[in-house]
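Please look over the sequence and the model below before reading on.

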Amino acid sequence: MKTLPSVDVVIVGGGWTGLLVAKELGSQTALSVVVLERGGPRKTDEYGEDMDELDYAVRLRMMQDASRETVTFRHNPAQRALPLRQFGSFLPGSGVGGAGEHWSAIFPRMLPDCFALLSHITEKYGAERLPEDHSVQDWGVTYDELEPYYTRAEVLMGISGKAGNLRGKQIEGGNIFEGWRSAEYPTPPTKIPYFSAMFHDAAKSLGYHPYPVPAATTSQTYTNPDGVSRAGCTYCGFCERFGCMIGAKAQPTNTLLPVIQKCKNVSIRTGAQVRRIVHDTVQSKGRVRGVTYIDATGQEIFQPAALFFLTSWTLNNTRLLLLSKVGEPYDPATNKGTVGRNLTHQVNFPAASLYFEQPLNRFMGSGASGITVSDFDGDLFDHSSLPFLRGGNLLSLSVGNRPIANFGTVPKSVKSNWGSEWKKAALHYYDRTGSINFQGEHLAYSGNYMDLDPTYKDHFGDPLLRLTLDWRENERSMAQFATAKAVEIAREMGAKEVTAFSGLRRYDPSRYQSSHIQGGAIMGSSPHRSVVNPYLQHWHMSNLFVLGASSFPQNASANPTPTLMALAYRAVDHVVNRYLKNPAALA
Amino acid sequence: MSATSVGGVLVYSLDRQLFRLSAQANQSIRIPLRFLSQAEALILAAAASRIFPSDEAGPGAREAGVAVYIDRQLAGPWGRDRYRYTHGPFEENAPAEFGYQGQATPQQIYRQGLKDLKGFDRLKPAEQDQKLKQIETSFFFSLLRQNTIEGMFCDPMHGGNVDMVGWQLIGFPGPRMSNYDDVDKHFGEAFRPKPVSLHQVTGRKIRPSEDRE
């Protein structure tokens with residue numbers, strides 16, 4: 001093993017949070033910063049050549065290579081976990097920019113009560129309303145504390161949208177249920193395609209409060225305070241699973257990297273797969289000394305540093321902590337330990353499938369153009385007499401339908417799925433079909449967690465991460481409730497035929513739901529129930545910060561990127577203003 | 001393998017039946033197979049044609065070159081399982097939601113599946129449908145069905161969707177650079193721009209994954 005000269009800061013993972021830290025430390029300080037990214041560099045000027053559904057959306061060329069490393073999955077601890085031989089229900093990224101290169105770019109904030117979820121539910125409904133096996137927690141940070149950082153993230157990316165709550169003043173046409181905002185969105189909402197426009201009108205006529213999806217695919221040319229400019233979206237329909245060919249979609253490579261490249265104190269090493277965090281630990285207190293990684297040529301390297309940021313996505317953050325024996329692994333049998341607990345995956349399904357008489361021109365759109373209805377989100381409706389807690393959003397997205405993924409969807413009345421009859425129906429319905437999706441909260445449960453798999457290994461021979469995860473009655477009841485609401489709106493939209501979602505049964509690891517998988521290194525106000533403190537600093541190792549959705553104690557209905565960016569901004573602020581002056585525990 | 005060029009449009013005819021013949025002189029050229037034997041390719045083409053037939057609703061797998069597409073995919077990294085986690089132990093009888101858990105590569109699955117369909121290309125269409133119904137629930141069939149859809153609607157650089165027949169069939173315009181002026185218009189009526197391939201859009205020849213690794 002080769003040991004390199006020590007640097008000030010090592011960042012493990014070059015996605016949204018890692019490159020945000022690199023940009024902030026690179027421009028605000030003189031510290032020497034090294035980013036270790038396991039994947040390769042991106043040829044962003046060639047993203048236009050990637051508009052190939054087969055290689056990118058079906059074969060997942062931008063994502064983590066499952067042949068080298070995947071995860072194993074089981075529904076409960078009594079089962080033997082099996083590897084996900086190809087990724088299905090979520091899609092981890094790899095390469096500079098991480099999953100932030102191929103995200104859909106939907107950018108909503110979380111509701112204020114999400115951050116104090118345990119307190120809120122207990123006060124309003126009583127602790128006995130929570131499921132017996134829940135492990136719901138407060139975050140240790142409030143919405144009010146995060147608000148300025150949400151705004152900074154929105155300004156960074158030029159988010160397109162319409163405010164519904166400006167400093168407490170409700171504004172029609174925006175999300176009137178959202179937490180207070182200190183500023184309007186930096187750019188106006190994206191254009192609204194036909195299917196989403198129909199959803200808007202139907203929801204409104206039913207008395208709901210539809211509003212345009214907040215989008216990091218900017219609606220017009222935008223220059224952020226760093227002087228970084230991006231073009232407006234052209235609605236080509238190649239967002240999710242692709243890099244944006246004109247850079248209208250905010251991606252770490254077109255938002256953060258241009259600033260980083262001007263910082264002489266920051267370097268990004270690609271092809272650097274970190275395998276261990278090396279630390280000195282005495283009686284649970286310790287310090288990280290360095291990380292070991294395999295470089296692009298296959299050589300093993302030890303990189304010492306003074307300060308470390310682990311920013312490698314939910315799953316890899318958790319796995320590296322477990323592999324490196326940083327902190328105590330969570331044990332569901334004893335409820336002891338913290339690393340791996342509170343694994344959640346957003347409740348996400350097509351609540352209603354709609355079949356129309358008229359064509360919809362569904363090939364036009366962007367990953368984040370559409371309309372949301374939040375009337376059934378969070379605790380915005382009374383749950384006293386309902387069989388579940390919390391809720392979520394109904395979305396009519398117009399992402400730009402591509403044919404391999406979408407051809408073949410036919411109403412239930414068509415019985416075959418191949419041959420002439422099917423072909424005829426599939427041709428007819430190809431551009432006459434849409435779905436209203438539900439995206440809802442997932443409570444944390446003591447039995448949903450991550451640990452290391454005893455059987456399956458990665459490319460290097462290290463154990464794979466094992467997910468133990470299943471739905472509970474709360475999610476199933478919530479899904480049933482949301483499905484009925486979606487069907488109501490679908491009928492109002494004038495669809496000729498509406499198919500309701502058949503219901504959540506077992507968690508399905510092969511059906512794509514979202515890449516909003518969270519937990520494992522959660523934040524909180526107690527070292528006994530969380531891995532990091534409210535500044536995302538490791539409770540026992542003050543020179544280690546763990547950023548990303550791994551820190552979310554439970555899953556909100558909102559997409560995670562705005563919140564993980566706000567938390568990252570806040571963590572960096574506290575590092576620059578407090579930690580660097582006195583490198584010690586911040587909480 | 002024979003193919004016929006009709007007015008600049010390549011029409012593959014793996015089952016030796018020419019489709020959309022014009023009055024022009026037909027020219028026979030040979031399409032080299034990368035993985036399949038000619039006998040296997042004929043069976044595959046016949047099966048794909050029953051899944052996505054050429055009929056009064058429009059062209060199908062034969063005109064789109066689905067068999068050529070699948071042959072290239074099988075010869076490429078996907079066919080060799082380059083992208084899949086292939087460490088054991090293998091739990092062949094895992095519930096469907098775990099995805100395919102077997103050890104066989106797509107190359108091996110096709111080789112066996114086509115062997116089991118020996119003589120298929122000589123059957124009458126109704127007999128072919130009967131035969132496919134018998135294997136409808138097999139993993140081979142689900143793979144064949146999925147790959148047939150891919151071959152119908154992929155970018156033409158992959159060997160399928162020849163002359164963008166699949167895209168024309170459904171009104172998909174391909175990787176169009178901008179829908180800015182149209183995305184919030186044409187409500188309730190079909191808007192069908194002429195399809196463009198990635199090669200046409202970028203002006204460059206792009207190497208698909210099956211030609212790279």
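Which side chain of chain A does B:Arg82 meet in a salt bridge? It is that of A:Asp65, at 2.9 Å from N to O, where a salt bridge is a side-chain nitrogen of Lys or Arg within 4 Å of a carboxyl oxygen of Asp or Glu. Between chain B and chain A the count is eight salt bridges.

This is a predicted model, in which local features need pLDDT of at least 70 and side-chain atom pairs count only at pLDDT 80 or more, while totals for chains, interfaces and linings use all residues. Residues are numbered from 1 along each chain as its sequence is written, chains are lettered from A in the order in which they are written, and side-chain values use heavy atoms, with hydrogens and water left out.

Taking the interface as a whole, 61 residues of chain A are in contact (heavy atoms within 4.5 Å) with 79 residues of chain B. The two chains bury about 5800 Å² between them, with 59% of it on carbon and sulfur atoms; buried area here is the accessible area (1.4 Å probe) that two parts lose on being put together, summed over both.

As for the cysteines, the structure holds zero disulfides over all chains, a disulfide being a pair of cysteine sulfur atoms within 2.5 Å. For A:Cys236, the nearest cysteine sulfur is that of A:Cys239, 6.0 Å away. A:Cys236 counts as buried because its relative accessibility is 11%, the cut-off for buried being under 20% relative accessible area (1.4 Å probe, protein chains only). A:Cys263, at 10% relative accessibility, also counts as buried.

Notes: Buried means under 20% relative accessible area, exposed over 50%, partly exposed in between (1.4 Å probe, protein chains only).
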